[in-house]
Amino acid sequence: MNKISLRQIENAFLPAKEIINAENFAGRKAHVIDSYSALISEGANIAVVGNRGIGKSSLARQIMNISQGNNELLEKLEIDIDERLDFLTIYIACGNAVNDTQDLLVRLLTTRECLLEWIYEIPTAKKEIEKINAGFDLKLVKVGGEGVSETSQKSAISDHQIDVIFQNVITDLLKSKIAKDGILIVVDEFDQIHNPKGFARLIKSLATNTPGLKFCIIGVANDIQTLIKEHESTDRLFAGSVINLPSMTPEELTEIIKNAEKSVDNFITFTDEAIKKMISLANGHPYIIHLIGKQAYRSAYLEGIYELNEEYIEQTLKNIAEKEADPVLEGRYKKAVASSYQREAVLKSLADCVQTDGEVHTGDAYKIAIDRQVDNPSQYVGQMVTEDYGSEIIKVRERYYRFKDSLFMTYVKARPWLFENK
Ligand SMILES: Nc1ncnc2c1ncn2[C@@H]1O[C@H](COP(=O)(O)OP(=O)(O)OP(=O)(O)O)[C@@H](O)[C@H]1O
Ligand SMILES: [Mg+2]
């Protein structure tokens with residue numbers, strides 16, 4: 001057997017990266033079919049919603065591949081399609097820098113990786129962009145000038161003008177027939193846009209004025225209304241093309257592990273018990289599989305261990321917590337627990353009692369907490385709903401709570417105890 005490099009080991013699991021290659025993309029056949037259908041369905045926009053870390057961006061990458069004529073995933077999943085799509089596909093991740101709908105449009109128009117590069121090819125579209133730039137220059141003058149309020153942060157051109165410029169540019173691009181199937185704009189982390197008001201209205205008017213433009217918006221939410229924070233007329237714009245990504249099945253999670261083993265020619269493998277353990281810890285979240293897998297592979301490689309069993313996974317969990325392999329989740333855990341055995345016991349008891357609908361009945365959780373020598377569990381629950389402790393727990397109604405985020409809940413369950421029982 002050839003020696004496997006540390007580089008291969010490090011990249012067998014990818015907790016920090018969405019899956020781009022079809023080869024590494026596990027499961028999700030039904031959702032890929034739905035995505036493809038939405039891509040070929042005229043006038044349909046696409047939305048991908050789901051919990052944190054469930055695989056939304058990875059599915060988005062696959063949608064982008066397919067939209068650009070790469071049918072590898074369809075072939076792998078034996079989805080019988082002979083046509084190759086040809087979209088001009090643009091990707092933007094909102095992060096926390098995008099404030100509102102107009103901000104999003106300006107970014108799409110003026111970023112090279114987005115539309116700007118294409119716009120330069122078309123004189124009429126280029127003229128439109130100059131208007132935006134002129135607006136920004138104007139703003140500088142205004143802010144510099146006398147008697148102008150500092151609050152005029154935005155471009156001097158109005159929101160309405162930006163809408164019009166965007167529409168004109170898209171029309172020009174579509175007319176130039178750069179891509180047979182039109183333009184696909186993928187907006188990831190849509191939930192990060194502070195104020196997406198007006199987005200629904202915008203795509204509604206674009207649907208009439210620029211057929212051939214499709215949006216695919218992605219974000220943490222349970223449904224499209226929550227994602228775009230608007231309740232009217234969204235249904236038809238996304239009719240039949242809202243993809244709600246559920247937890248992954250044990251088979252799908254196993255596939256992730258098997259893919260990783262294959263990528264290192266089975267140089268390091270997991271026993272069946274270890275795989276079972278990882279699946280139960282992951283609770284449907286592919287992210288957790290990647291997080292554990294990466295840490296396990298890294299240490300096993302350095303220690304020269306080639307078969308990883310259940311105990312090895314337990315040990316890996318300790319390493320993940322100690323080394324803060326996920327600093328964000330670990331930070332949230334410490335904030336909620338805030339150096340108290342009692343609070344940690346209550347937090348873990350809540351996580352242990354989450355029902356299939358995501359709710360926790362306090363009666364169940366308190367019983368376990370009291371067994372763990374917590375005197376007054378309700379007091380700690382009261383604290384953990386507050387900002388000071390990260391508001392990880394939300395009160396649903398009398399005696400029922402739920403975790404704000406199932407990925408965090410999964411981490412709480414999997415993480416070894418911080419404090420020893422006194
Ligand atoms: N189908 C899949 N096969 C294999 N790994 C996957 C799959 N989907 C997601 N993953 C992995 O799970 C983790 C989370 O995926 P991804 O970033 O796509 O989720 P997300 O829902 O966009 O997360 P966030 O809410 O943080 O934006 C990543 O490590 C990714 O590589
Ligand atoms: Mg994502």
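The following legends describe close-up views of a predicted model of one protein chain with a ligand.

Figure 1. The predicted model contains 20 helices and 10 strands in the protein chain. Along the principal axes, the C-alpha trace spans about 70 × 60 × 40 Å. Of the 422 residues in the chain, 40% are buried. Among contacts between residues at least 6 apart in sequence, 73% join residues at least 24 apart.

**Figure 2. The contact between domain 1 and domain 2**. Domain 1 gives 4 residues to the contact, and domain 2 gives 4 residues. On the side of domain 1 that touches domain 2, the residues comprise 2 nonpolar, 1 polar and 1 charged.

**Figure 3. The surroundings of ligand 1**. The ligand is surrounded by 23 residues, and the closest are Gly55, Lys56, Ser57, Ser58 and Pro286. Helix H3 (56–67) and helix H14 (286–303) are the elements that give two or more residues to this shell. By class, the shell around ligand 1 holds 10 nonpolar, 8 polar and 5 charged residues. At least three residues of the shell come from each of domain 1 (6–11 + 248–322) and domain 2 (28–245).

**Figure 4. The packing of helix H18 against helix H19**. Helix H18 covers residues 362–371 and helix H19 covers residues 377–384. The two helices pack at an angle of about 115°, and their axes are 10 Å apart. The crossing of H18 past H19 is right-handed. From H18, the residues Thr362, Tyr366, Ala369 and Ile370 meet Pro377, Ser378 and Val381 of H19. The residues of this contact divide into 5 nonpolar and 2 polar, with no charged residues.

**Figure 5. Arg28, a residue with positive phi**. Arg28 is found in the loop between helix H1 (6–10) and helix H2 (29–40). The phi angle of Arg28 is near 65°, a positive value in a residue other than glycine. Arg28 counts as buried because 25 other C-beta atoms lie within 10 Å, and the cut-off for a buried residue is 20 or more.

**Figure 6. Lys177, a residue with positive phi**. The loop between helix H8 (159–175) and strand E3 (182–188) holds Lys177. For Lys177, phi is near 55°, a positive value in a residue other than glycine. Lys177 counts as exposed because 10 other C-beta atoms lie within 10 Å, and the cut-off for an exposed residue is 12 or fewer.

**Figure 7. Gln315 in helix H15 and its separation from Ala296**. Helix H15 covers residues 310–322 and includes Gln315. In sequence, Gln315 and Ala296 are 19 residues apart; in space, the pair is 8.7 Å apart, C-alpha to C-alpha. Gln315 counts as partly exposed because 16 C-beta neighbours lie inside 10 Å, a count in between the cut-offs of 12 or fewer for exposed and 20 or more for buried.

Terms used
Residues numbered from 1 in each chain as written. Chains lettered and ligands numbered in written order. Predicted model: local features only at pLDDT ≥ 70, side-chain atom pairs only at ≥ 80, totals over all residues. Near = placed C-beta within 6 Å. Helix = DSSP H or I, 4+ residues; strand = E, 2+ residues; numbered from the N terminus. Nonpolar A, V, L, I, M, F, W, Y, C, P; charged D, E, K, R; others polar. Domains from an automatic or database assignment. Axes fitted to C-alpha atoms, helices over the stretch in contact; angles between N-to-C directions. Left-handed = near helix turned anticlockwise from the far one by under 90°. Contact = placed C-beta atoms within 7 Å.
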